[in-house]
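Thanks, everyone. Let's go through this one quickly. Have the structure open while I talk.

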Amino acid sequence: MPDQTTPETTWPPNYPAGYIPPDEQEHWSPGPETMPPEKRDALILAKLREQVRYAYQNSGFYRQFYIDAPVDPENLRTLQEFAQLPILTKDDIRQEQEAHPPYGRFLCVPPADVFRVHGTSGTTGRPTVFGIGRGDWQRIAEAHARILWAAGLRPHDLVMVAAVFSLYVGSWGALVGAERLGATSFPFGGGAPGQTERAAEWAAMVKPTALYATPSYALYLAETARAMGLDPRQDFAFRFMFFSGEPGASVPATRRLIEDTFGCYIVDQGSMAEMTPWMSNSGCRHLPAGMHLWQDIVYTEMVDPQSRRNLPIGAEGVPVYSHTERTSQPMIRYWSGDIAQWEMTDCPCGRTYPTLTRGIYGRADDMIIVRGQNIFPSRIEDILRSIPVFGGEFRLLLEREPGQLDRLTIQTEVLNYNPTAPDPLREEIAATLRRALGVAVSVDLKPAGEFERTQFKARRIIDHRVI
Ligand SMILES: [Zn+2]
């Protein structure tokens, strides 16, 4: 059975095609799922060492990307050394794929050996392309089967995949995992006009026991079903639902609402399409919210969004993901841009993985780039809060006329605002900010209470730059 408890002797691993544990067994691969984390680190290091060496030797991109790396990419000795490799961003992928279309020099196999092409749609820029080899696709299936097993899926289940089958890899990932596990799959799809009514009809007719969708789709399905005179608890047979694509599955109120609506439990999942097997962030059937990090499948580091240094368990930061067994288009130290907090939990499932206890709940995209410098509103907030007259709220105004440099104006509230004599104070605050940020900024003073307060993350950036 595929129970790797010792560092690999072969890379990438070969998983026996027909393996399925007995129904009552909690873990698909008890070894790596329940071993002490320090012991698992040795297994992960062995896999990452092979993964990085392979990428360095077979990908023109990584060969160049690691040219100045302070460690030897062909022989990483520790996870700390691994953490010294440069971080890969979505922009790096876009630029590389633009220069070397379609895959960039990420591809480590001949293009003819690509088994599937997937990608992101490019709503916020050039689309990104993933070429996935046949062996990789089989390992993705294995990983998703193993993780769905933890979610409670068994071969007697019938899985309805009610999400669009397209370029986006989400639905395909759910399908291939369910198939590998031996469940009956019902690839229903989504997105066509009238399809939700048909989904309700079909769910009432064939009685799927598990649903893959997004949390908001599940609620929409319930609403549609009720409008058709169906009762989502009585007329459907969903035992559990697994979701990705939105944070709702770890938001307590949304979660409770869905569970009560359908009389089922739900499991939150999902890292990023680029990182498929994207289920490597996944809860289990016992976890009340959040997602375990299946570290031996995709290795996750938590990184400080500003210093980009690795953070210890307990910290909040940006998950940075690495494939550990990818031969076609490996992503190594990929910056997710998400915000999450990782902790060790005592989950009744017995898995010893770190856990994103609140799932993924934010984006680090609030980072702004001014004249080539990365600036975080949180850093500006820190500086302003250290100024005794700071009035509690601020806004960042970004402007640029064509052909000119960016102009950043920090509009800050101050106590005892005096519109007739603001200059010395304004200059003092501007000087403090310039020193700390390393870029030229202007400051506008506003009276305390000028800006709207919100208990949620405030939108503090006003970007008027002409692209
Ligand atoms: Zn668990």
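One definition to begin: a residue is buried if 20 or more other C-beta atoms lie within 10 Å of its own. And keep in mind that this is a predicted model.

Take Ile-44, in helix α2, residues 37-58. Is Ile-44 buried or exposed? Ile-44 has 21 C-beta neighbours inside 10 Å, so it counts as buried. What does Ile-44 touch, beyond residues up to four places away in sequence? Gln-295, Asp-296, Tyr-299 and Thr-324. Trp-149 sits 105 residues from Ile-44 along the chain, and their C-alpha atoms are 22 Å apart.

Now the largest nonpolar core. It has 100 residues. The members touching the most others are Leu-153, Val-159, Val-161, Ala-162, Leu-211, Tyr-212 and Met-241. Helix α6, residues 134-151, gives the most to this core: nine residues. Look at Tyr-212. Leaving out neighbours within four places in sequence, Tyr-212 contacts Val-159, Val-161, Ala-162, Ala-163, Ala-174 and Phe-242. Apart from that core lies another, of 14 residues, including Ile-429 and Leu-433.

Last stop, helix α8, residues 195-206. Twelve residues, spanning 16 Å from first C-alpha to last, close to the 16 Å expected. Which residues of α8 are buried? Ala-199, Ala-200 and Ala-203. Down the axis of α8, these buried residues fall within an arc of 100°, so they line one face of the helix. In general, an α-helix has 3.6 residues a turn, so residues three or four places apart point the same way. The buried residues of α8 pack against β3 (158-161) and α9 (215-227). Just after α8, Lys-207 takes a positive phi, about 50°.

Technical notes
Residues are numbered from 1 along each chain as its sequence is written. This is a predicted model: local features need pLDDT of at least 70, side-chain atom pairs count only at pLDDT 80 or more; totals for chains, interfaces and linings use all residues. Helices (H or I, at least four residues) and strands (E, at least two) are DSSP runs, numbered from the N terminus. The expected span of a helix is 1.5 Å times one less than its number of residues. A residue is buried if 20 or more other C-beta atoms lie within 10 Å of its own, exposed if 12 or fewer, and partly exposed in between; C-beta atoms are placed from the backbone. The arc is that of the directions from the helix axis to the C-beta atoms. Two residues are in contact if their C-beta atoms, placed from the backbone, lie within 7 Å. A nonpolar core is a set of buried Ala, Val, Leu, Ile, Met, Phe, Trp, Tyr and Cys residues joined through C-beta atoms within 7 Å.
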